[in-house]
Every structure is written in C-alpha cells, then in structure tokens.
Amino acid sequence: EEEEEEEEDDAEAALKKEVDQIRTSTEQKQRRFQSVESGANNVVFIRTLGVEPEKLVHHILKDMHATKKKKTRVILRMLPVSGTCKAFLEDMKQYAETFFEPWFKSPKKGTFQIVYKARNNSHLSREEVIKELAGVVGHLNPENKVDLSHPEYTIVVEIIKNICCLSVVQDYVLFRKYNLQEVVKSKAEGQPEAPKASHENDTPGAKTPEAQRENQNERQEKTETASNDNHED
C-alpha cells in the first residue's frame, strides 16, 4: 500500500509539473512584448502582441524628438517590422505586392525611398532588391514617385540570414533614420560654427595702406627697370 501511495504521489507531482510548464509556456506566448533570438550580433528582436509596430516606434521617436530627452544609453536604432518573408528575390516580390497595398495601391499614392541592410547574408544584391521592390510600388500606382530627400514613406528592408523584414515608416529623415541617439540632438548640435565676420585688415592677405604703397612703389621700380632695359637694347 505504501508503494502505491508513493507512486500516486510521484504521478501527481509529475502531472502538476507538466501543468505548470504548459501554463508558463502559454503565458510567455501571450506576453505583449517578448524577446526573440534574431540570429545576428547586436540585433534584438521584440515580438509584439496586439501592437502595431510602426505606430509604436513612431510615437516613441516623436516624443524623443519633441522633448529632446535621451531615454536609452544602449539602443542605437529602433526599427519596426510589420512583415516577414523568405529572403529570396521572388519571395520578396510576391510578398511585397500585397504588403505595400495599404500605402501605395491606387488611389493611394506617395513619394518614397527604399533603405536596405543585410546581415549574415551574401546571396542578395542590394541594387536588385531595391530595383525590384521599387518596381512593385510603381506597378501598384504609377503616380508613386521616388524622393531621396524628403519622402513621405521610407520602405525599410532588413535582411537577417534567410529572413526578410519589411516595414513602411514615416518621418525617417526627420527622426534621423530612427536613431535614438541622434533624434534627441538639436539641429545646431554637432554642426560647425559659422565663420565670424572679420574686418578687412583681418582678412588673410589684406594689407595696410603703407604696405600697399610699398608694393605699388616696387611695381613702379620694376616697370621702370624693365623699360630701361628695353630702352638700352
């Protein structure tokens, strides 16, 4: 009887342990923010639940840009990822045709640029990816135009190993390429000072009236010498 009780206790303990593991696993899956292994050095991927990444990141950067308050010391850039697919050109084109629709499909239109970065991947060509994705945007609406200075939208393409991460963001230039360290700086910060106004005599090469008269006398002497030499000939 004692052995049977011990076996029942062991079975109950094992069952309780399994239930706890399942509960813990479920809680982790339902977390609003959860860290996921990215597969690349210095890159942290945060999975979200019930949150639109573009709006969240834009809100954070907008607040930092307005307040100029630095809120992190270790994060350099924060980029939203709204869609992923296999990092092969045909897969990316096929996925982008649907993914880009909310921003670029007629009658919607806008100016855009494409920024590309690849990590731990060597089989893709930056030029080919940008060309093909720009073609997809143009196909959705021919009135979509490229603008590399002040685009309405920036298409962010991040390749990590064999995964392509895509997002379409706004204010990419205004928010310093979504750089958390740069967005808090003022416009004047880090820029060289304007040259100070100087007096004429302070300008390099400027001469005093006395020096100018001396130079004039020297030129006259040289002219006279040259004319005398010519005269003697």
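Visitor: Why should low pLDDT make me careful?
Guide: Where pLDDT is low, the predicted coordinates should not be read in detail.

Visitor: How many helices and strands are there?
Guide: The protein has six helices and seven strands. Along the sequence they follow the pattern α-β-β-α-β-α-α-β-α-β-β-β-α.

Visitor: In what order do the strands of the open sheet lie?
Guide: The five strands run in the order S3-S7-S6-S4-S5, and the pairing is mixed.

Visitor: Why are S3 and S5 called edge strands?
Guide: Strand S3 (83–86) and strand S5 (145–146) each pair on one side only. The cut-off for pairing is at least two bridges. Four bridges join S3 to strand S7 (residues 163–169), so these strands count as paired. S3 and S7 run antiparallel. Cys-85 stands opposite Cys-164 in S7.

Visitor: What packs on the sheet?
Guide: Helix H5 (residues 126–140) does, touching strand S4 (111–119) and strand S6 (153–160). The direction of H5 makes about 145° with that of S4.

Visitor: How do you know that Arg-119 and Glu-158 form a salt bridge?
Guide: Their closest N and O atoms are 2.4 Å apart. The cut-off is within 4 Å, so the pair qualifies. Arg-119 is in strand S4 and Glu-158 is in strand S6, 39 residues apart.

Visitor: Are these two partners buried or exposed?
Guide: Arg-119 has a relative accessible area of 22%. Buried means under 20% and exposed means over 50%, so Arg-119 is partly exposed. Glu-158 has 11% relative accessibility, so it counts as buried.

Visitor: What makes Lys-93 and Glu-132 a salt bridge?
Guide: Their closest N and O atoms are 3.3 Å apart. That is within 4 Å, so the label holds. The pair links distant parts of the chain: Lys-93 is in helix H3 (residues 89–99) and Glu-132 is in helix H5. Lys-93 is partly exposed, with a relative accessible area of 22%. Glu-132 is also partly exposed, at 26%. Salt bridges that share partners join Glu-90, Lys-93 and Glu-132 into one network.

Visitor: Why is Lys-55 called exposed?
Guide: Lys-55 has a relative accessible area of 57%. The side chain of Lys-55 meets that of Glu-52 in a salt bridge (3.6 Å, N to O). Glu-52 has a relative accessible area of 48%, so it is called partly exposed. A search of the whole structure finds nine salt bridges.

Visitor: Which residues touch the most other members of the largest nonpolar core?
Guide: They are Phe-100, Phe-104, Ile-155 and Val-157, in a core of 25 residues. H5 gives the most to this core, with six residues. Phe-104 is in contact with several residues beyond its sequence neighbours, among them Phe-112, Val-137, Leu-140 and Ile-155. A second, separate core of 12 residues includes Val-156, Phe-175, Val-183 and Val-184.

Visitor: Why is Tyr-178 called buried?
Guide: Tyr-178 has a relative accessible area of 1%. Buried means under 20%, so Tyr-178 qualifies. Its place is in the loop between S7 and helix H6 (209–232). Phi of Tyr-178 is near 60°, a positive value in a residue other than glycine.

Visitor: Why mention a positive phi at all?
Guide: Most residues other than glycine have a negative phi, and most peptide bonds are trans. Lys-161 has a positive phi of about 55°. Lys-161 lies in the loop between S6 and S7. A relative accessible area of 43% makes Lys-161 partly exposed.

Visitor: Which residues does a cis peptide bond join?
Guide: The bond joins Ser-106 and Pro-107, with omega about 15°. Pro-107 is found in the loop between H4 and S4.

Definitions and conventions. Residues are numbered from 1 along each chain as its sequence is written. This is a predicted model: local features need pLDDT of at least 70, side-chain atom pairs count only at pLDDT 80 or more; totals for chains, interfaces and linings use all residues. Side-chain values use heavy atoms; hydrogens and water are left out. Helices (H or I, at least four residues) and strands (E, at least two) are DSSP runs, numbered from the N terminus. Contact means heavy atoms within 4.5 Å. Axes are lines fitted to C-alpha atoms, for helices over the stretch in contact, and angles run from 0 to 180 degrees between N-to-C directions. Buried means under 20% relative accessible area, exposed over 50%, partly exposed in between (1.4 Å probe, protein chains only). A nonpolar core is a set of buried Ala, Val, Leu, Ile, Met, Phe, Trp, Tyr and Cys residues joined through side-chain atoms within 4.5 Å. Lists of a residue's contacts leave out its neighbours within four places in sequence.
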